[in-house]
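Please look at the sequence and the structure below before reading on.

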Amino acid sequence: MALAYGTEEWEKAYQELLKERQATQSKPYIMGTPEWVAQYEELVKNDQAYKEAAKDWEGSVVIKILAKPEIGLESDLYLFMDLWHGDCRSMRIVPPEVGEAGDYVITGEYDRWKSVIAGELDPVKGMMQGKLKLKGDLPTIVRAVKAASRLVELSASTQPRFPDELSPEETEELRKLLQEAREKLGV
């Protein structure tokens with residue numbers, strides 16, 4: 001049975017998985033893995049341009065990547081960003097029920113998110129065009145367009161490896177990692 005999100009045990013298990021992954025993986029990290037999320041979190045936490053652009057922002061933002069089993073994503077993946085007045089308090093891959101409870105949940109197919117991170121799709125335009133679906137107040141997101149753009153720029157600067165570009169062996173490794181995370185952490 002998976003640990004309960006929000007408990008010390010869950011956070012400790014997440015940090016242990018992250019530490020293990022950071023010790024065994026090298027950059028560029030694979031998008032959606034704990035080590036990639038930690039790299040992205042660190043960039044956002046230390047970025048002055050984001051802090052200024054998001055100084056009035058309040059609320060969590062969840063990136064929901066829909067499952068695509070053929071590339072190792074057997075179930076939907078939720079990246080929870082706890083953002084508050086220019087600070088990034090944390091970023092974690094979280095269980096579905098936690099992700100769905102975020103203030104703003106932006107849902108899209110894997111290929112759409114890959115386009116966003118590659119800088120080919122503006123997420124605000126993507127939401128307005130229906131390429132990404134938003135649960136939350138669109139006008140609020142639109143008012144924070146500079147902060148959203150900076151988040152995208154920072155995600156792109158991680159220059160991740162994308163799951164659909166992995167070898168079959170790497171895809172199987174990703175599948176095992178996510179299965180382990182699902183069993184331990186409920187993500």
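## A buried helix and a set of paired strands

Nine of the twelve residues of helix α2 are buried, so α2 is largely enclosed by the rest of the structure. Buried here means under 20% relative accessible area, whereas exposed means over 50% and partly exposed lies in between, with a 1.4 Å probe and protein chains only. Helices (H or I, at least four residues) and strands (E, at least two) are DSSP runs, numbered from the N terminus.

The model is predicted: local features need pLDDT of at least 70, side-chain atom pairs count only at pLDDT 80 or more, and totals for chains, interfaces and linings use all residues. Residues are numbered from 1 along each chain as its sequence is written, and side-chain values use heavy atoms, with hydrogens and water left out.

Helix α2 covers residues 34-45. Among its buried residues are Pro34, Trp36, Val37 and Tyr40. The expected span of a helix is 1.5 Å times one less than its number of residues. For the twelve residues of α2 this gives 16 Å, which agrees with the 16 Å between its end C-alpha atoms.

The strands are joined in pairs, as the table shows. Two strands pair if DSSP finds at least two bridges between them.

| Strand pair | Direction | Bridges |
|---|---|---|
| β1 (residues 58-65) and β4 | parallel | five bridges |
| β1 and β2 | antiparallel | eight bridges |
| β2 and β3 (residues 87-94) | antiparallel | seven bridges |
| β4 and β5 (residues 133-135) | antiparallel | three bridges |

Single residues can be located within these pairs. Ser60 stands opposite Asp82 in β2, and Leu79 stands opposite Ile93 in β3. Strand β2 (residues 77-84) is mostly covered, with seven of its eight residues buried. In the hairpin of β2 and β3, two residues lie between the strands, and His85 takes a positive phi near 45 degrees.

Is strand β4 largely enclosed or open? Five of the five residues of β4 are buried, so this strand is largely enclosed by the rest of the structure. Tyr104, Ile106 and Gly108 point one way from β4, while Val105 and Thr107 point the other way. Leu134 in β5 is the bridge partner of Ile106.

Tyr104 lies in β4, which covers residues 104-108, and Val61 stands opposite Tyr104. Tyr104 counts as buried because its relative accessibility is 10%. Leaving aside neighbours within four places in sequence, the residues in contact with Tyr104 include Trp57, Val62, Leu134 and Ile141. Contact means heavy atoms within 4.5 Å.
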